[in-house]
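Trainee: Could you take a close look at one part of this model for me? I'd like to hear about the helix packing.

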Amino acid sequence: MSGLDSVRADLAEMLDEAEWNWLMPHAQRDVLLVVAPGLSLLDVGVAIASDNVAEVQSWIQQNLLAKPTATQLSDWNSDQEKRFSALIVRPYVLVQELSIPSDTPEVKGSY
């Protein structure tokens, strides 16, 4: 197994789900990075862990990897049980919002 494959395997084991209230301290320490939907959390983690500056810079320039916006923080603070995929790649915590599964009805209020 190559070094990069080993890094990927190690990070894959650490990939997990987390609620916003667990992630808040990391946001307060300014180490939270939001990974855009459609981009692999694991790929981003591997690029950061292997110091692939060109790829990481490209994602940042395309706004696919960024610190949370004030609006995102406000929304998440109002729903502290919101769930994310999360991956710790020191010193960062990478997160990606989990979408509501299509077979789960979204509650919009009473009718």
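Mentor: Start where helix 2 passes helix 5: the crossing there is left-handed. Keep in mind as you look that this is a predicted model. Helix 2 covers residues 20-28 and helix 5 covers residues 70-77, and their axes come within 10 Å, crossing at roughly 140 degrees. On the helix 2 side, the residues in contact are Trp-20, Met-24 and Ala-27, and they meet Leu-73, Trp-76 and Asn-77 of helix 5. Sorted by class, that gives 5 nonpolar residues, 1 polar and no charged ones.

Now set that beside the pairing of helix 1 (residues 3-14) with helix 3 (residues 41-49), whose axes also come within 10 Å but cross at roughly 125 degrees. An angle between 115 and 145 degrees is neither roughly perpendicular nor roughly antiparallel, so helix 1 and helix 3 count as oblique to each other. Their crossing is right-handed. Helix 1 brings Leu-4, Val-7, Arg-8, Leu-11 and Ala-12 to the contact, while helix 3 supplies Leu-42, Asp-43, Gly-45, Val-46 and Ala-49. The class tally for helix 1 with helix 3 is 7 nonpolar, 1 polar and 2 charged residues.

As for where these helices sit in the chain, there are 5 helices and 5 strands in total, and from the N terminus they run α-β-α-β-α-α-β-α-β-β. Of the contacts between residues at least 6 apart in sequence, 73% link residues at least 24 apart. Buried residues account for 32% of the chain's 111 residues.

Note on methods. Residues are numbered from 1 along each chain as its sequence is written. This is a predicted model: local features need pLDDT of at least 70, side-chain atom pairs count only at pLDDT 80 or more; totals for chains, interfaces and linings use all residues. Side-chain values use heavy atoms; hydrogens and water are left out. Axes are lines fitted to C-alpha atoms, for helices over the stretch in contact, and angles run from 0 to 180 degrees between N-to-C directions. Helices (H or I, at least four residues) and strands (E, at least two) are DSSP runs, numbered from the N terminus. Angles under 35 degrees count as roughly parallel, over 145 as roughly antiparallel, 65 to 115 as roughly perpendicular and the rest as oblique. A crossing is left-handed if the near helix is turned anticlockwise from the far one by less than a right angle, and right-handed if clockwise. Contact means heavy atoms within 4.5 Å. Ala, Val, Leu, Ile, Met, Phe, Trp, Tyr, Cys and Pro count as nonpolar, Asp, Glu, Lys and Arg as charged, and the others, Gly among them, as polar. Buried means under 20% relative accessible area, exposed over 50%, partly exposed in between (1.4 Å probe, protein chains only).
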